[in-house]
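Please read them with the structure open.

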Amino acid sequence: MNRLPSILYGTPTSLTRKPNRRKRWLKYKNEHRLQCKRLGKATTSWQQEMAERAKDCTRRSPCGEGWCPQCMVRAQEKVFDHCGPALQEFLTEVQAEAKKNGDPIPQAWVVSAASARMAVNRGQLNANIPRAVNSTLRKRLDGSSLSDAICFLGWDVSLNFNKVKLKSQTRTRKWKRKNEHWQVHIYGIVFAASKAAIHTVFDPIFWHQMEEGDKPVKVYPRAFKDIPLTSKYVLKPNFIQRENNRHLSLRPNKWNLKAGEKDELAMFLGDLGFKDRLLLKGVKLVRGTLIRTKGLPHQSKSKTQEELSKRLLGASTGLFGPPRKK
Ligand SMILES: [Zn+2]
């Protein structure tokens, strides 16, 4: 994997170091093997079909399944390598355009939104939730002051629960889990002139609070150099269990998902696919390369970058891999 100029990034991450990438790949390769084995032994035929479609997936010839751990880690690397730097370039472009036209200068904002309406019980995780919000959000974005903005957003899920203290505390157990649920949420980067403009669009969709004091829509500024780092969280391959984020100043504790939970999640991710997992506006992904759909034509793609993306993607089509076989 090509090592990127470190000047673009604030702190080095696991994705910028080659040995770490190898380690990560082996971790998800093992995850892929275990999950294919588990789904292959499942009693339902559609689960067996899922395993069948992904079982021959390799780094060179990806299966393109939305739930495949190998394809997800590969897609995240691509987002980090290509989309992050491309977004930095687009921000420079839109800022220059706004300056020329005398418009307010757009900045990069991180948007994280989740509402109580997007929380479902175990066994009820459904790809129609993000799909419905995607179409509503798209319509609202088009008819707002953000109609020309660039959005690079992606859906994420976590298994959330509340911690309840046990009355009689033993040495090993001091608390138990209550109100376990899947929380679907959206995260990503939006280029907009103000925080208020983003809230105007997102707040009416995500206004349902989980609990008192909770903010369904969080918007905060992002420095230019941190854009690639943020972009890697838009398409994550790892999903976790976490304590409901009640005290925003504290980082919630995280746990790995159990086998049954991973299988339910795989069904959700497989149904959603990479295409619906991302919500792009003003940009689009063509063979893993981000291009602008509005404004100036994107011409700054160098020959080496083009060659690199060709080499990385091989003959694959679609967003990050070959289209799903029907
Ligand atoms: Zn795959």
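1. Is C57 buried or exposed? In this predicted model, C57 is buried, with a relative accessible area of 7%. C63 is buried as well, at 13% relative accessibility. The count of disulfides is 0; a pair would need its cysteine sulfur atoms within 2.5 Å.

2. How many aromatic pairs are there? The count is 2. One of them joins F161 and W255, whose ring centres are 5.4 Å apart and whose planes make an angle of 50°, a tilted arrangement. F161 belongs to strand 3 (residues 150-165) and W255 to strand 7 (residues 254-256), so this pair ties together parts that are 94 residues apart in sequence. F161 is buried, at 0% relative accessibility, whereas W255 is partly exposed, at 27%.

3. The pair formed by F202 and F206 is stacked, with 6.1 Å from centre to centre and 20° between the planes. Both F202 and F206 are buried.

4. Which residues of helix 5 are buried? In this helix (residues 195-202), A197, I198, V201 and F202 are buried. Viewed down the axis of helix 5, the buried residues fall within an arc of 120°, so they line one face of the helix. In general, an α-helix has 3.6 residues a turn, so residues three or four places apart point the same way. On the other side of helix 5, A196 and T200 are exposed.

5. What do the buried residues of helix 5 pack against? Their partners are strand 1 (107-113), helix 4 (128-142), strand 3, strand 4 (175-192) and strand 5 (217-221). For F202 the individual contacts can be named: leaving out residues up to four places away in sequence, F202 touches V111, A113, L137, L153 and V217.

6. A separate point concerns a charge and a ring. The charged end of R59 sits over the ring of W25, at 4.7 Å from the ring centre.

Terms used: Residues are numbered from 1 along each chain as its sequence is written. This is a predicted model: local features need pLDDT of at least 70, side-chain atom pairs count only at pLDDT 80 or more; totals for chains, interfaces and linings use all residues. Side-chain values use heavy atoms; hydrogens and water are left out. Buried means under 20% relative accessible area, exposed over 50%, partly exposed in between (1.4 Å probe, protein chains only). Rings of Phe, Tyr and Trp (its six-membered ring) pair if their centres lie within 6.5 Å; planes under 30 degrees apart count as stacked, over 60 as edge-to-face and the rest as tilted. Helices (H or I, at least four residues) and strands (E, at least two) are DSSP runs, numbered from the N terminus. A charge sits over a ring if NZ of Lys or CZ of Arg is within 6 Å of the ring centre and within 35 degrees of the ring normal. The arc is that of the directions from the helix axis to the C-beta atoms. Contact means heavy atoms within 4.5 Å.
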